[in-house]
Amino acid sequence: MFKLSLLCVAAVLFVASQEAHGKMTCKLPQVQIPDDWITMVSPCTKKMKEQVQEELTAAMTYFAMGAHFSKDTVNRPGFAKIFFDSASEERDHAIKIIGYLLMRGGLTKDISQLIRDPVCKYIYNLCYITFISCFIIYIYLQQPLSETWADGLSALKDALKLEAHVTRKIRDIATTCEEPGREGQDFNDYHLVDWLTGDFLTEQYEGQRDLAGKISNLGKMLEAHGALGEFLFDKKLLSGASV
């Protein structure tokens, strides 16, 4: 139902864009810009674009977790809070990667190809909507890895597995971009690798350790106090206390 609503919005955008396109057309001559500054090789660019998808999938999974624990039948606001916060972080990661690609000239053309969801791609080609509009629609069309969890402990375990998966993907980018020259090309993209290790990997490792600690503590509380243990743990999460 939600996707149908989005498609209806897209249809409205299509009609509006068609009317605007007919009334107001501005054509500028193609400017030939030297491409010497574009030093990212295609394997690195491809991996970075793929990472955008990974970050958005993680974001939607965390959104699903937050929504699940916000339900009145579950009512764990502390868990909902940390998962919604994590969703925002993953979305911000996707935006940062797009920003880096733009800075390095990795998105100077075929921007729509970054968004691989077939529905959004169709909307993009049909409606001439902007990249940002399609990016927003894509976020909401992207599917989470799951939608329900038995309890807080199982959600934390899934979150840790998800973070470990994202970390491996980031390390794959670094490995690809550190490979020696192939076919006469220089693959040692030191700046990209340094940016990833400085901006992403440290945060990933710290996040994984935090989740592992939460899993350990909640497991002990469940063993000692049963369902009351999860209730007390949730209150700690909601207050922002270290657990």
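Mentor: In sorting residues by class, Ala, Val, Leu, Ile, Met, Phe, Trp, Tyr, Cys and Pro count as nonpolar, Asp, Glu, Lys and Arg as charged, and the others, Gly among them, as polar. Keep in mind that this is a predicted model.

Trainee: How does the lining of the largest pocket divide into these classes?

Mentor: The lining holds 5 nonpolar, 4 polar and 8 charged residues. The pocket itself has a volume of about 380 Å³, and of its 17 lining residues the closest to the centre are Ile82, Ser86, Glu89, Gly207 and Asp210.

Trainee: Which helices each supply at least two residues of that lining?

Mentor: They are α3, α6 (152-177) and α7 (190-225).

Trainee: What describes the packing of two helices?

Mentor: Two packed helices are described by the angle between their axes and the distance between the axes. Here α3 and α6 pack at about 15 degrees with their axes 12 Å apart, and they are therefore roughly parallel to each other. Their crossing is left-handed, and the contact joins Phe79, Ile82, Phe83 and Glu90 of α3 to Gly152, Ala155, Leu156, Ala159 and Glu163 of α6, a set with 6 nonpolar, 1 polar and 2 charged residues.

Trainee: At what angle do the axes of α3 and α8 cross?

Mentor: The axes of α3 (residues 77-103) and α8 (residues 227-239) cross at roughly 45 degrees and come within 7 Å, which makes α3 oblique to α8. This crossing is left-handed; Pro77, Gly78, Phe79, Lys81 and Ile82 in α3 meet Glu230, Phe233, Asp234, Leu237 and Leu238 in α8, and these contact residues divide into 6 nonpolar, 1 polar and 3 charged.

Terms used. Residues are numbered from 1 along each chain as its sequence is written. This is a predicted model: local features need pLDDT of at least 70, side-chain atom pairs count only at pLDDT 80 or more; totals for chains, interfaces and linings use all residues. Side-chain values use heavy atoms; hydrogens and water are left out. Axes are lines fitted to C-alpha atoms, for helices over the stretch in contact, and angles run from 0 to 180 degrees between N-to-C directions. Helices (H or I, at least four residues) and strands (E, at least two) are DSSP runs, numbered from the N terminus. Angles under 35 degrees count as roughly parallel, over 145 as roughly antiparallel, 65 to 115 as roughly perpendicular and the rest as oblique. A crossing is left-handed if the near helix is turned anticlockwise from the far one by less than a right angle, and right-handed if clockwise. Contact means heavy atoms within 4.5 Å. On a 1 Å grid over the protein atoms alone, a cavity is a set of points where a 1.4 Å probe fits but cannot get out, and a pocket is an open set with protein on both sides within 12 Å along at least five of seven lines; lining residues have an atom within 4 Å of a point. Grid points are joined across faces, edges and corners, and a volume is the space filled by probe spheres set on the points.
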